Every structure is written in structure tokens, then in C-alpha cells.
Amino acid sequence: MSVIDDLKNQWNEGNHTPSVLPTYDRSALAGIARTRARHQVSRAMHYFWGALTLQIIVYALFSHVLLRSWGEPRNQWLCLAGILLYLPFTVMLLKKFKQIALASPGRKVPDDSVQKRIEYQYLNLVSFYQFKKRYEFMLIPASTALCIVLLFQLYVPGGLEQHITPAIWLFVLTLLSCGWAIRRENRNQFERPIEGLRELLSEFDQ
């Protein structure tokens, strides 16, 4: 036997490929899928808790100003408009994220497969994200305008009528900062989780 043949034999012995590849049971695969889905959904759930806390603060502020401005119809109507403006967003937020939480693949629901529950989470997350993008086009400018009007009415001598230019600049700067923050928020807490769940669901079909 040549030296080359001897080296080839040693190489084959050291890099032996098993004739039977290891197998994985369905429960192990389901566990991997649950872990991956949980990681993606948890990123969106961070938005839920942050958004809910912010909306509670908004309702509290509008309610405080409403009571403080008792007897001043203009300010009271502005506060009521602010509360009604946020109400549909809050209702949809609670509805969709409750459905996402109830469809968690970690919950033991014998009638539904892991794939169906992940798909249900995916569809609800996509549905809320589409609603969020549409509603914020109206919500952010309207709520910004309401808050600026109330700010000038309550704290700036002369009110809004005597300070139109500063109010407009404040409105524009606030919209720009909100737009930047919302774009990052959408990418990190909706678009990436949705992409991750979509990839996970596509693997079930392979």
C-alpha cells in the first residue's frame, strides 16, 4: 500500500459519515417552532405594553385638563375630542393582542396544531399592523394639533391666536420626530417579527 493510500484511509476513518442520519421526533420539532415563534411575538408584545401605558397617560392627561378647564367649553371639547380620537386605537390594540396571546403555541390546546396557532398569531399581527399604519396617518397629526392648541391656550399668554408661527413650527417638528420614531418602531416591533413568522410558516410547507 502506498503512502497516499494510507493517508486516504486515515482521512476516511476520521471523517466517517454515518449511513443513517439522526431523526427528530415531532415533539422536538414542535418545541423548536414554539421557541422561534415566541421570540418573534415577544418583540411585538413589547410594543403592546408600551403603547398601552402611553395611552393610559394620554387619557389621564386629557381627563385632567378636562376637569381643570371646567366651565371653558372650548378646552373641554378639545379634551373630549382627544379621548375619542384614541379610543378606536385602544380597542383594536386590546382586541388583537389578546387574540395573539391566546393563540400562543406554548398553550396546550389539543384541537389546534402548533402551525395553526402560529398562523393565527401571524394573521392578527399583520391585521393590527395594517390598521396601525392607516390610523396613525390621521391620529398623529390630529392629536399633535390638539395638544399644541391646548398647550398654547393653557400656558402661553395670548393663546394660539397670537403665536401662530411658533405653533406651526412646533407642529412640524413634532410630526417629524414622531415619524422618525414610528418608522423605527414599525421596523423593529412589527416588520421583523412578521418576516420571522412568515419564514417559520413557510418551513412547515416544505
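## Two annotated stretches

Over residues 74-94 the chain is 100% helix and 0% strand, with the end C-alpha atoms 31 Å apart. Keep in mind that this is a predicted model. Move along to residues 137-156 and you get 95% helix and 0% strand, with 28 Å between the end C-alpha atoms.

Both stretches turn up in the UniProt record: an unreviewed entry puts the annotation "transmembrane region" on residues 44-62, 74-94, 137-156 and 162-182.

## The overall fold

So what is the rest of the chain made of? Counting elements gives 5 helices and 0 strands, and from the N terminus on the order simply reads α-α-α-α-α.

As for how the chain packs, take the contacts between residues at least 6 apart in sequence: 74% of them join residues at least 24 apart.

## Surface and burial

The protein chain has 206 residues, and 34% of them count as buried. Its accessible surface comes to about 13600 Å², with 64% of that belonging to carbon and sulfur atoms.

Leu176 sits in helix H5, which spans residues 164-204. Is Leu176 buried or exposed? Leu176 counts as exposed because its relative accessible area is 57%, and the cut-off for exposed is over 50%.

Definitions and conventions
Residues numbered from 1 in each chain as written. Predicted model: local features only at pLDDT ≥ 70, side-chain atom pairs only at ≥ 80, totals over all residues. Heavy atoms only, no water. Helix = DSSP H or I, 4+ residues; strand = E, 2+ residues; numbered from the N terminus. Buried < 20%, exposed > 50% of the residue type's maximum accessible area, 1.4 Å probe, protein only. UniProt positions renumbered as here; feature names shortened; annotations may be inferred. Contact = heavy atoms within 4.5 Å. Areas by Shrake-Rupley, 256 points an atom, 1.4 Å probe, with all protein chains shown as cover.
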